[in-house]
Amino acid sequence: MRPPTITDALRARRLLADHLPPTPMWSYPALDAVAGTTVLVKHENVQPTGAFKVRGGLTLLAGMDPAERARGIVGYSTGNHAQSLAYAAARFGAPCVIVMPENPNPVKARAVRALGAELIEHGPDLDAAAAHAGKIAADRGMRPVSAGDEPAVIAGVATAYLEVFEAEPALDTVVVPVGGGSGAAAACLVAAAVAPGCRVVAVQSAASPAAYDSWRAGVPLTRPNRTRVEGLATGCGFALTQGMMRSHLADFLLVDDDAIAEAQWTLMRDAHTLAEGAGAAALAAVLSAPGEFTGQRVAVMCTGGNAGEREIRACGGLTAA
């Protein structure tokens with residue numbers, strides 16, 4: 001599988017220009033004071049689906065030929081990738097089936113159905129959902145869409161990082177949450193091309209360390225998947241994203257789920273920003289390892305804001321306690 005190039009990212013930006021405006025990136029003095037460094041928040045939580053993944057879904061569908069698009073797509077996801085594919089399929093008039101693990105986030109499940117996709121709940125985790133999605137694709141003749149190994153999706157996500165470096169060319173570090181790794185792979189692609197002096201640092205939940213362990217080992221691995229942060233709940237490393245991360249990633253950090261919840265609360269309090277757990281993970285890394293970032297200009301990717309009511313109450317209650 002050929003990794004996407006910076007040319008693919010630039011082409012994706014042109015494709016997305018008719019669909020998505022650039023998202024803002026702002027700093028907040030109160031947040032800088034807590035972090036002990038200059039933090040700029042890239043607000044992908046304001047996308048029409050509430051998360052960065054929409055860039056990849058639209059790029060994928062835009063690049064499919066009409067016959068393939070008419071057969072439709074099948075994806076598996078805990079939510080944001082699902083909404084991305086459902087949104088893009090609706091924009092391009094393509095059938096879309098999404099497989100989620102049983103008892104999904106009701107906010108994300110409701111959004112997928114509202115976009116016109118067929119939603120199937122199957123299995124206890126993402127691995128079971130992925131296997132079932134593959135079976136549906138084979139049975140119905142639809143195109144399966146991986147959560148990680150999709151060059152067009154990564155090229156689309158890379159447009160967010162083109163915006164980051166256009167807004168702040170002198171960044172020292174970009175911190176990116178990792179589930180399947182499309183965001184970190186995209187950050188590596190763009191930084192290597194336009195900001196080679198900027199470090200790209202990945203962060204994952206310690207309760208689901210598959211991507212972290214895969215990167216450290218140099219080969220895709222499978223690991224227990226126990227995080228309650230659904231956007232980071234991936235139990236295996238993906239070959240394409242891992243290969244791209246190995247080329248430019250400066251470091252990979254683990255944070256625990258409670259630290260992510262505290263970072264969600266900090267974003268609400270000091271940056272007036274609603275973030276789901278995955279969207280707060282980059283800030284959690286900065287707050288948990290201040291020595292890594294002191295004195296730097298750091299961009300943190302707020303990758304999504306699709307937090308359910310229970311999640312919002314839980315992160316606030318944890319901090320208040």
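These legends walk through several close-up views of a predicted model.

**View 1**
Let us start inside the protein. A search of the whole structure turns up one cavity of 30 Å³ or more. About 310 Å³ of space lies in this largest cavity. Its lining is made of 23 residues, and those nearest its centre are Lys53, Gly179, Gly180, Gly231 and Leu232. Two helices, H5 (80-92) and H9 (182-194), each give at least two residues to the lining. Sorted by class, the lining holds eight nonpolar, twelve polar and three charged residues.

**View 1. The largest pocket.**
Next comes a space of the open kind. The largest pocket holds about 430 Å³ of space. Of the 21 residues that line this pocket, Arg228, Glu230, Gly308, Arg310 and Glu311 lie nearest its centre. Helices H6 (106-114), H12 (257-271), H13 (277-288) and H14 (309-320) each supply at least two lining residues. Which helix gives the largest share of the lining? That is H14, with six residues. By class, eight of the lining residues are nonpolar, five are polar and eight are charged.

**View 2. The second largest pocket.**
Here is another pocket to look for. The second largest pocket has a volume of about 310 Å³. There are 15 residues in its lining, with Thr78, Pro101, Pro124, Glu230 and Ala233 nearest its centre. The lining of the second largest pocket divides into six nonpolar, five polar and four charged residues.

Glutamine 47 sits in the loop between strand S2 (38-43) and helix H3 (54-63). Is glutamine 47 buried or exposed? Glutamine 47 counts as buried because its relative accessible area is 5%, and buried means under 20%. Its side chain makes a polar contact with the side chain of glutamate 44, at 3.1 Å. Leaving out residues up to four places away in sequence, glutamine 47 touches Leu20, Thr23, Phe52, Val54 and Arg55.

**View 3. Helix H3.**
Follow the chain onward from that loop to reach this helix. H3 is mostly covered, with eight of its ten residues buried. The buried residues are Val54, Arg55, Gly56, Gly57, Leu58, Thr59, Leu60 and Leu61.

**View 4. A closer look at valine 174.**
Which residues does valine 174 contact, leaving aside its neighbours within four places in sequence? They are Tyr161, Val164, Phe165, Cys198, Arg199, Val200, Val201, Ala299 and Met301.

**View 5. Two loop residues with positive phi.**
Asparagine 103 has a positive phi of about 60 degrees although it is not a glycine. Asparagine 103 lies in the loop between strand S4 (96-100) and H6, and with 71% relative accessibility it is exposed. Histidine 272 also has a positive phi, near 50 degrees. This histidine is found in the loop between H12 and H13, and histidine 272 is exposed, with a relative accessible area of 66%.

**View 6. Glycine 291 and glutamate 309.**
The last view covers a stretch of chain. Glycine 291 is placed in the loop between H13 and strand S10 (297-302). With a relative accessibility of 72%, glycine 291 counts as exposed. How many residues apart in sequence are glycine 291 and glutamate 309? They are 18 residues apart in sequence, and their C-alpha atoms are 33 Å apart in space.

How values were computed:
Residues are numbered from 1 along each chain as its sequence is written. This is a predicted model: local features need pLDDT of at least 70, side-chain atom pairs count only at pLDDT 80 or more; totals for chains, interfaces and linings use all residues. Side-chain values use heavy atoms; hydrogens and water are left out. On a 1 Å grid over the protein atoms alone, a cavity is a set of points where a 1.4 Å probe fits but cannot get out, and a pocket is an open set with protein on both sides within 12 Å along at least five of seven lines; lining residues have an atom within 4 Å of a point. Grid points are joined across faces, edges and corners, and a volume is the space filled by probe spheres set on the points. Helices (H or I, at least four residues) and strands (E, at least two) are DSSP runs, numbered from the N terminus. Ala, Val, Leu, Ile, Met, Phe, Trp, Tyr, Cys and Pro count as nonpolar, Asp, Glu, Lys and Arg as charged, and the others, Gly among them, as polar. Buried means under 20% relative accessible area, exposed over 50%, partly exposed in between (1.4 Å probe, protein chains only). A polar contact is a pair of N or O atoms within 3.5 Å; within protein, one must be able to donate a hydrogen and the other to accept it, and residues adjacent in sequence count only if both atoms are side-chain atoms. Contact means heavy atoms within 4.5 Å.
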